[in-house]
Amino acid sequence: MAQKPFDTPAWENTTHVVPYPAAKLPSEGGSGHDAHRLEEGHVPMPEEIQYDTARVEKVYRKLDFRIIPAFWVLYFLCSAIRSNIGIAQTMNRDVHHDLVSVLGLTARDLSTALALFYVAYVLFDLPSNLIMSRLSPRAWMARIVFAVGIIGCCFTAVKAPWSVKFLRFLLGVVIAGMWPGMSYYLTLFYPPSRTGKRIGMYFTAAQLSAAVVGLVSAGFQKMDGLRGLTGFQWMFLVYGLLGIVLGISLLVWLPDRPLAPGEERVRHRYLKWLPASPEALTGEDALIHYQDLKRVYHSRPWNMKDLWYVLIDWRMWPLVLMYFGVVGVGIGTQLYGSVIIASINPNFSGITVSLLFAPIWMTDFLAILISTPLADRFHKYRWVFFCAGCFIQIAGLLIVTFALSNDWARYGGLLIIGFGLGPTVPNCMAWTNEIFQKRHGEVGVAAASALVSGLGNLGSITTTYALYTGWPEDAVKGPHQYRKSNYAMIGILAVSIASTILLVVLLRIFGCEPSRRVATSSGSSNGEEILDGAALRERQMRGFGGMLGRKKN
């Protein structure tokens with residue numbers, strides 16, 4: 001059915017009429033994800049539907065309640081399991097029951113173990129995300145969390161440096177695809193311009209996780225020696241068990257990809273044994289969501305040629321460099337923040353260091369709450385929010401490096417770094433979604449988010465292996481301890497800023513239109529994108545409309 005032209009732009013009226021195209025059904029077996037079929041005698045597809053902006057907002061809020069809390073909890077636990085090795089280095093250090101003393105780890109052992117996690121993460125991020133797009137997204141996400149919980153429990157039994165390195169590598173293998181997979185999953189339910197706020201919502205879990213790991217570790221330190229386990233072993237065991245329980249729970253809570261009205265879900269033959277999950281939306285809500293995001297419902301199965309087009313798209317590489325810098329600083333702060341605090345004042349006890357570590361992530365949490373909703377409303381200026389966060393981090397690093405006469409001023413610099421981290425990662429991932437869903441569709445989001453996250457985490461390898469305790473000459477105790485590592489962090493942030501500006505300039509010159517080759521191969525005669533309701537609204541920024549009681553357009 002050909003679409004009828006709009007008499008007025010969608011954003012000029014509160015309500016508008018949008019026609020439904022005829023549903024295109026994927027051939028069974030041609031797609032890797034759930035096959036669908038249209039039932040005869042089912043409710044017929046409506047010719048058109050009329051709705052207002054407030055009604056659409058209500059549908060997305062309903063999705064928020066179903067998806068975001070589950071993502072928040074899973075990211076909280078997985079972040080705790082991934083990063084608790086950092087705080088384990090200082091737990092019960094006064095009685096030599098910290099991780100380093102118990103296992104006899106050298107600085108090189110520790111930095112190697114931390115870096116091996118990211119080596120595995122980089123290698124397996126893209127394959128994991130592509131598998132997720134072929135199979136059931138909720139089942140794959142639950143698999144990731146369940147496996148992370150099992151590996152987390154195994155850390156309780158580490159007895160030698162090699163076992164720490166081996167388990168850190170395995171943890172990187174099983175957790176690969178979680179972060180980009182969550183970003184990809186959101187694009188199945190939300191337009192890209194709305195994903196920044198949602199990414200920020202569950203990204204706060206990492207910040208609170210880092211804070212809670214620091215605070216709760218004080219309690220685990222009180223359990224030191226209970227039933228023959230050290231404090232850090234109790235921490236590894238409890239977080240791992242919680243991860244296993246959560247992984248099982250996600251199977252019955254997270255919804256699978258949405259179905260077009262009139263379609264029924266056909267389970268993949270390898271996944272029929274899994275418990276079913278209720279649909280995300282039903283009734284009128286499902287109809288409205290279908291009209292607003294038709295591009296998701298009618299995406300065709302991708303092939304290796306489509307993947308190749310994504311890989312050779314130059315727009316990805318500036319995004320990788322942007323992510324490289326900010327995630328390097330973020331992970332460096334997360335893993336070595338407690339070590340830096342201890343170097344500021346060697347008289348701090350392990351519990352004091354844990355308590356001072358937590359506020360860094362509270363400032364990060366605050367920045368996310370402030371910046372990401374605004375960045376979604378002004379989505380054409382995401383790069384400004386990103387660069388502002390990088391400059392704030394540089395200011396914090398300079399204070400930590402040069403305010404040698406005042407310990408609390410140096411600690412304040414760490415708080416500033418935390419605040420600057422807030423706007424960076426969510427906006428980088430949301431910008432990736434916006435560019436590559438428009439350019440390449442579903443495979444574009446799956447592949448680009450994984451490559452930006454995976455290759456960008458080479459910055460994490462840099463900070464964990466080559467800087468701080470991994471740089472013996474720079475780790476020598478004294479007033480200039482870690483100064484060169486801080487310089488390196490400032491340098492990679494400068495790379496992020498330069499890459500952002502370069503991408504903005506190139507997009508102004510060359511644009512970001514849908515890939516004609518991909519669109520043509522999907523059956524479009526002119527290579528144009530699907531103009532669903534969300535795509536029409538994204539032509540203009542929402543700005544402050546609808547905030548503080550202001551009327552939405």
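## Core, salt bridges and surface of a predicted model

Let's start inside: the largest nonpolar core has 150 residues, and those that touch the most other members are Phe71, Leu74, Met178, Trp179, Met235, Ile341 and Leu414. Helix 1 (residues 53-88) gives this core its largest share, 18 residues. Keep in mind as you read on that this is a predicted model.

Beyond its neighbours within four places in sequence, Phe71 is in contact with Met182, Tyr185, Leu186, Tyr202 and Leu254.

### Charged pairs

Next come the charged side chains. In general, side chains of opposite charge can pair when their charged atoms come close. Across the whole structure, a search finds 12 salt bridges.

| Glu57 | Arg194 | 3.1 Å |

What does the salt bridge between Glu57 and Arg194 tie together? Glu57 forms a salt bridge with Arg194. Glu57 lies in helix 1, while Arg194 sits in the loop between helix 6 (178-186) and helix 7, so this pair ties together parts that are 137 residues apart in sequence. Glu57 counts as buried, at 11% relative accessibility, and Arg194 is buried too, with a relative accessible area of 5%.

Helix 1 takes part in another of these links. Because Arg198 lies in helix 7 and Asp64 in helix 1, the pair ties together parts that are 134 residues apart in sequence. Both Arg198 and Asp64 are buried.

Asp376 counts as buried at 1% relative accessibility, and Arg382 is buried with a relative accessible area of 1%.

Is helix 9 (residues 283-292) mostly covered or mostly open? Helix 9 is mostly covered, with 7 of its 10 residues buried. The buried residues are Asp285, Ala286, Ile288, His289, Tyr290, Gln291 and Asp292.

### Towards the surface

A nonpolar patch on the surface is formed by Leu215, Val216, Ile351 and Leu355, which together have about 290 Å² of accessible area. Helix 7 (195-222) and helix 13 each supply at least two residues of this patch. Leu215 has its place in helix 7 and counts as partly exposed, at 43% relative accessibility.

Helix 13 (residues 350-377) also holds Thr363. Is Thr363 buried or exposed? Thr363 counts as buried because its relative accessibility is 19%, and the cut-off for buried is under 20%. Not counting residues up to four places away in sequence, Thr363 touches Leu415, Gly418 and Phe419.

Finally, have a look at Leu116, which is found in helix 3 (residues 107-134). Leu116 is partly exposed, with a relative accessible area of 25%. Which residues does Leu116 contact, leaving aside its neighbours within four places in sequence? Leu116 is in contact with Lys165 and Phe169. Leu116 and Val173 are 57 residues apart in sequence, and their C-alpha atoms are 9.9 Å apart in space.

Terms used:
Residues are numbered from 1 along each chain as its sequence is written. This is a predicted model: local features need pLDDT of at least 70, side-chain atom pairs count only at pLDDT 80 or more; totals for chains, interfaces and linings use all residues. Side-chain values use heavy atoms; hydrogens and water are left out. Buried means under 20% relative accessible area, exposed over 50%, partly exposed in between (1.4 Å probe, protein chains only). Helices (H or I, at least four residues) and strands (E, at least two) are DSSP runs, numbered from the N terminus. Contact means heavy atoms within 4.5 Å. A nonpolar core is a set of buried Ala, Val, Leu, Ile, Met, Phe, Trp, Tyr and Cys residues joined through side-chain atoms within 4.5 Å. Patches are made of residues with over 30% relative accessible area and no salt bridge: like charges are joined within 9 Å, nonpolar side chains (Val, Leu, Ile, Met, Phe, Trp, Tyr) within 5 Å. Accessible areas come from the Shrake-Rupley method with a 1.4 Å probe; for residues, only the protein chains shown count as cover. A salt bridge is a side-chain nitrogen of Lys or Arg within 4 Å of a carboxyl oxygen of Asp or Glu.
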